[in-house]
Every structure is written in C-alpha cells, then in structure tokens.
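Student: I would like to learn how to read a fold of this kind from its contacts, its helices and its backbone angles. Could we take one feature at a time, with the general idea before the case?

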Amino acid sequence: MKKSLIKFIILSFFMFFAQLAYADGKMQIGIIDGITPISMADAEKLLDKKDIYFIDVNSEEERENAGYIPNAILVNAENWQNLLPNDFNATLIFYGSNRFTYNASSLANLSKKMGYKNIYVMLDGIESWVISGRKVQKEQIEKWQNAKDIKDFKDSIHSRMYFGDLPSCRDCHGKGENQKKIEYYNAANLDLINNNCATCHKEANKEFKHSIHQNISQMALGKDGKEKKKPTCTTCHEIHTNNNNVFDLMTLKQRSDFKCGECHQDKQDRYHDTFHGKAMFLNTPGSAPKVAACFDCHGKHNILKVNDLNSTLSPINRVKTCMECHPNSNENFANFIAHADHNDRNNFPLLNTAYIFMTCLVVGVFAFFGLHTLLWSIRLIIARIKNPITWKKAKENTHNDKILIKRFSTFHKIQHFFMAASFLGLAFSGLPQKFYTAPWAQTMINLMGGPLNATLIHHISAIIMFMVFFSHIGEIILVNWKRRDLVRNPNTGKLDKKKIFKALFGPDSLMPNLQDFKDMKAHFKWFFGKGERPQFDRWTYWEKFDYLAVFWGMFVIGFSGLVLWFPTFFTLILPGWMINLCTLIHSDEALLATGFIFAIHFFNTHFRADRFPMDMVIFSGVQSESEIRQERNNYYKRLIESGKLETLKEKNSKFNSYKGIAKIIGYAMLITGMIFLFLMIYAFIIELLK
C-alpha cells in the first residue's frame, strides 16, 4: 500500500512539473529548426501593430469551433501564398491548433524560403489562446440586405483576405456598364453566381461543372413532377455575416447536414436513423462531430450519381471512400445501405419484414404483460380494501418474522448489482439516440459530453453486462459439473435421460414447464375473482420469463451490438445489409428491454401493493419464512419434506450492516428507471402529436 502511494505521489509530481514546462513554452513540440517560437503573452502585445500579421493555418472547421485571433489572415487554401503581404520585411506570426501540430511551422518555413525575414510561430495555438481567455473572433451568417447598418456587414469568406486579388461588392452585385450599379438581386442571378465564383475558384469549378448539381438534366424530378431548382454555389456556401444567427455556430459538417437536408429531406431522415446521422443531429452547434457527413461519402464539388464510375460511391470507389474513416473497410462493409427505409417493402423487403416482426413482438409483449400488470394491481388493491385487517396483519408478520430463509448467494447479489448498474448505463447512453428528436435527448447527450462520449459509456456498460452474463454461464457450467452424478443411473453409472429431463424442467429449474402454464391460468382466475390466489414454487412463471428474456436479449441485443461496434470485422463474413438489420433489431429490442424492465419488472418485483415500495431480497439475499409461506407455499412444503429447510435458514445475516447503503442504491436505481420510463412515454406522446 505504501509503495503504491509513493508511486502515485512521484507520478503526480512528474505530471505537475510536466504541465509547468508545457505552460512555460519550454516544450518545443511542433517547431521546426530555424523557426523562432513566440509566447502567447508576447504575441498578444503585437496585436494591431503596424506591419505585424497573424497567420491562421487551421481548417475551416477548427475556426468555426474555436474562432481565430482578431484580424488574422486565414491561409488554409490552395493559393495561400497569394494571401500574404507583399512586404517581405513584415512580421508574420503563424499559429495552428496546439503544440502537437506542425502545420504552422511548416508554412512558416516555406514563407521563410519565399523571402520573408521576420517569421515566428506561436506554438500554443488557438486552443491555448481560447483557454487563457484571450480575445477571439467568430462570425455568423446573415443576409446582408437585412443588416441594420452596412458598416456591420461582412463577407464571411472574402473579408478574411487582406492581400492578393480580392473580390469587391461590385464583382458579384455590380450591374450595367462597368458594373456601376449595385443590386442585391443581381448576385442572386442563377446564371451569374457560379460563373462569378469560377473566376477565382478554378479547381473547384473543374469538379463542379461535371457534377449532378451543375447538370440539371441528370437530376431526378421532384415529387410534383417538375424539375428541381438548380443549386448554385451560394445554395451551400453562405457568404455574408453578422452576429445574430445560430446556424453559423455549426461546424462545417453540421452545416452540410442542414444544407443537404433542405433539398434531400427524405434522404436526410434516413441518414438520421444511422449512428452517423444521430451523432450529427445531437452534437451541439459548434461542437465538431467526428462522424461522416454527407460530403464525406458523396463528395464536395464532385457529387455524381452513384452509378457513375467516377462517383465516390460507385462500386469501384466505394471501399476507398469508406477507408477514409474505416481503414479496415471491405466490399461487404461498403455495401451498407446508408439511406435504407424499413417502411419500404418494395426496395427493402428483408428490412421491412424484420421491422414488422419486431413491432409485433414489442406490441405483443407489452399488451400481454401490460394487461397482466393492470389486472394484478387492481386485484391487490381490492384485496387490501376488502380485508384491511388481514392485509395489515400479513405485512406485520412478514416484517417481524426473524426466521430468514436464504434465497440468493452473495455471488448472485453482486451479479444483480452490476447487471442493474450496467443496464442503467446502457439505457442512459442509448435512449437519447433511440429518441434523438425528443426534447430531452439533447440535454442527456450534453450531460455525457456529446454523442461520442455517450458511445463510450454505452460500450463500457456493455462490457460490464457481458462480464456478468458470462460469469453466470460459467457458474451454470461449474454447478452442473459438480452435480453431474445426480443425473447418472446408479446401477450403470451412465447419464440417465429421464433424470436429465427432470433436472432441466423440475421445480428448482428456471426453465418453463407445464406447471407454469397452470399457475398462470390460476393467477388470471384469481385476477377476475374466479378462484383462490395460487401458491408458487421456488420460481414463478413471471420470474422465469424475466430470466429467459435476458438470454434472448443478450443474444439479440448483444450480437447486433457487437456487429455495430465492430462492423468491418463482422462484414468479413456477413453481407453489408446485416449492419442495417442489426441497427433496426438492436434499437427495437433495446426499447423492449428498457420498457419491460422499468414498467413490468419493477411492478412485479417492487411496486405491487404487497411489496411496495421496494423488495430488498436481491440486496439481502434472504426472505422471511412468513413471506415465503404467503406466496411460495409449494416451495416451502418441498423444503420441509426434503429436510432442506434447516440448511437454508440464515442465522447470521449481515444485511443490517449495509442496509442503509443498499436502500440508497436501490431507491436511486428505481427512481432513475422511472425517470427513464417517463421520458420514453413523453417521447412517444410528442411523436404521436406530430
């Protein structure tokens, strides 16, 4: 223990001084020999000084996320050299994202070779500049003709250029001879916009003029049978800025999702059904999502029909495109259908069939057990009202009975705790993705730090649940191996089929048998007042359903989840459409599991009138003798007849030593589950009202 503490202290000191070195600028990461570094403090003193220019080499997305130093020259472009000042004696201060990037030093080195004499690199970059509280500049887009004061209006792209052949207002808005008259709508002329942009952006125009957006004849007709409106450069690229538009807090990827959806609403809806789309939808404006946006797959200016061999999504290019984000991509993986519609039976029959099956399963389970819960609840309330004295006496006997019968081992209690905790973790991280349009989804995702952190929480919770599940499988194998002689013929020593069958479907087994159906029938008769309240054995029919549902869920949710977690691995042997199928099944089966646990299981175990507010047996591992006799009298009689009752009596229960903690944990889990159930119901109601 002491050695571990000493190691921890030494490591802490090391990390502390390493941070000091980092803060002082002594760590020369990101610098190239021959380039002089400059601290943020010294650089700040040079702001707004004559012939001193800050050069921002970050990407457009990084600038939108973090901002940039006021009046900095933004040079992340193909013709960046033309954006530098003509005076080679001017002082240039280059900066990138942080100390771990070399792009600022690389451009500074190239500028030095071009002849610039006073070159510096601010190694800390924009990230440290922002964290230190120094001033940054961010711009948002608005139609300039709506600006209250033309002096406040800026061109979001071209206003950042200080040197070179700069466009002026007249280049786009000029009209008439020598473009003397400036009109807003002149720049909105579809025939002129792309030509104007092409005069400067020649490389982009080479790609765009062959794209489907430029060749209107290739585009499919709209739903009204008419030709779609021909997009222009400004359809996707906003130009003018002011400081009053939330849209422009979005990153480049988020803007593309928003912009593409304006024309391709149906495709966007299907995209949002995928993990990529949900992560994009749930990222707060300005938070850069590391997921594929529309242009990552379809291209930017070079968007072509999928059946065009030059398309990034053509059969010969698709794998290469996927490899940009998924290095281990293969042909099957690339055949994943990103915009598949499970409601479209004609084009996606298998997906539609799976959707119908899962819908029927979810509705069927909730219909049956919902009715079961309602009838049981009503029957207990009636019994309490009609026989208040008997009811009160039974509760007192249960509470005061000091004879405790062991029901769960310590190992089982530990398993249940981690199973419940991991289940809540999965629900917390999964529900906002399932109901991503719900009003509460964004708040839950933000609490987790965004969709990618939510995915991390989901994966960690899944690992814990897998560990619990396989520990139980191991326990089953070990216990049955130790009891293997009980199913042998004593005369021959061979396995006896009848004994195996009896052990598998006997009263101590969690496998359903004929008696369970008889118990269910008797229970429903009691619900309607047509019979006595039935007595059960060691395991009730609803407990067996809960138990077997875990095995079904672990196979269905577990396998589909692994396919979604490691898609490139599983598509080495599975077709790409399995990713679509697993997405649908994983989502719907998880909905069934969470709804069932929080609504049905909670009632059966805790919320019914004779157990309310919480049954502590899964924490204590024991039940009073009176409680067992009240509901499991058949089991109690068997224990007496077999002589096992005395061996199961718990004489030294340690539950009181941790009862307070158990109650806090138990109530916290119940309350959390009920909150999740309320949010699910609320999301359904909101969706129905739409």
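Tutor: Let us begin with contact, which means heavy atoms within 4.5 Å. With that in hand, Phe 676 touches Leu 424, Ala 427, Phe 428, Leu 431, Met 444 and Phe 598, when residues up to four places away in sequence are not counted. Please keep in mind that this is a predicted model, in which local features need pLDDT of at least 70 and side-chain atom pairs count only at pLDDT 80 or more, while totals for chains, interfaces and linings use all residues. Residues are numbered from 1 along each chain as its sequence is written, and side-chain values use heavy atoms, with hydrogens and water left out.

Student: How many helices and strands does the protein have?

Tutor: Helices (H or I, at least four residues) and strands (E, at least two) are DSSP runs, numbered from the N terminus. On that basis the protein has 31 helices and twelve strands. Among its contacts between residues at least 6 apart in sequence, 69% join residues at least 24 apart.

Student: What share of the 690 residues counts as buried?

Tutor: Buried means under 20% relative accessible area, exposed means over 50%, and partly exposed lies in between (1.4 Å probe, protein chains only). Of the 690 residues, 41% count as buried. A case is His 372, which has its place in helix H17 and is buried, with a relative accessible area of 0%. Leaving out residues up to four places away in sequence, His 372 touches His 523, Phe 524, Phe 527 and Tyr 541.

Student: Which residues have the most contacts inside the largest nonpolar core?

Tutor: In soluble globular proteins, nonpolar side chains tend to be buried together. A nonpolar core is a set of buried Ala, Val, Leu, Ile, Met, Phe, Trp, Tyr and Cys residues joined through side-chain atoms within 4.5 Å. The largest one has 43 residues, and those with the most contacts inside it are Leu 431, Phe 435, Trp 440, Phe 598, Met 616, Phe 619 and Phe 676. The elements that give it two or more residues are helices H19 (410-434), H20 (441-447), H21, H24, H26 (577-607), H27 (617-620) and H31 (655-689). Of these, H31 gives the most, with nine residues. Apart from this core lies another, of 18 residues, among them Ile 73, Phe 94, Leu 107 and Leu 123.

Student: How should I read the angle between H21 and H24?

Tutor: Axes are lines fitted to C-alpha atoms, for helices over the stretch in contact, and angles run from 0 to 180 degrees between N-to-C directions. Angles under 35 degrees count as roughly parallel, over 145 as roughly antiparallel, 65 to 115 as roughly perpendicular and the rest as oblique. The axes of H21 (residues 451-482) and H24 (residues 541-565) come within 11 Å and cross at roughly 135°, so these two helices are oblique to each other. Residues making the contact include Phe 466 and Phe 469 of H21, together with Phe 551 and Trp 565 of H24.

Student: What is the relation of H17 to H26, parallel or antiparallel?

Tutor: The axes of H17 (residues 349-386) and H26 come within 10 Å and cross at roughly 0°, and the two are therefore roughly parallel.

Student: Where does Leu 564 lie, and what is in contact with it?

Tutor: Leu 564 is found in helix H24, and at 32% relative accessibility it counts as partly exposed. Leaving aside neighbours within four places in sequence, Leu 564 is in contact with Ile 579, Cys 582, Thr 583 and His 586. Leu 564 and Phe 275 are 289 residues apart in sequence and 9.2 Å apart in space, C-alpha to C-alpha.

Student: Which residues have a positive phi, and where is a cis peptide bond?

Tutor: Most residues other than glycine have a negative phi, and most peptide bonds are trans. Asp 48, which is not a glycine, has a positive phi of about 65°; Asp 48 lies in the loop between helix H2 (40-45) and strand E2 (52-56) and is exposed, with a relative accessible area of 68%. Asn 71 also has a positive phi of about 65°; Asn 71 lies in the loop between helix H3 (60-66) and strand E3 (73-74) and is partly exposed at 46%. A cis peptide bond joins Phe 612 and Pro 613, with omega about 5°, and Pro 613 is found in the loop between H26 and H27.
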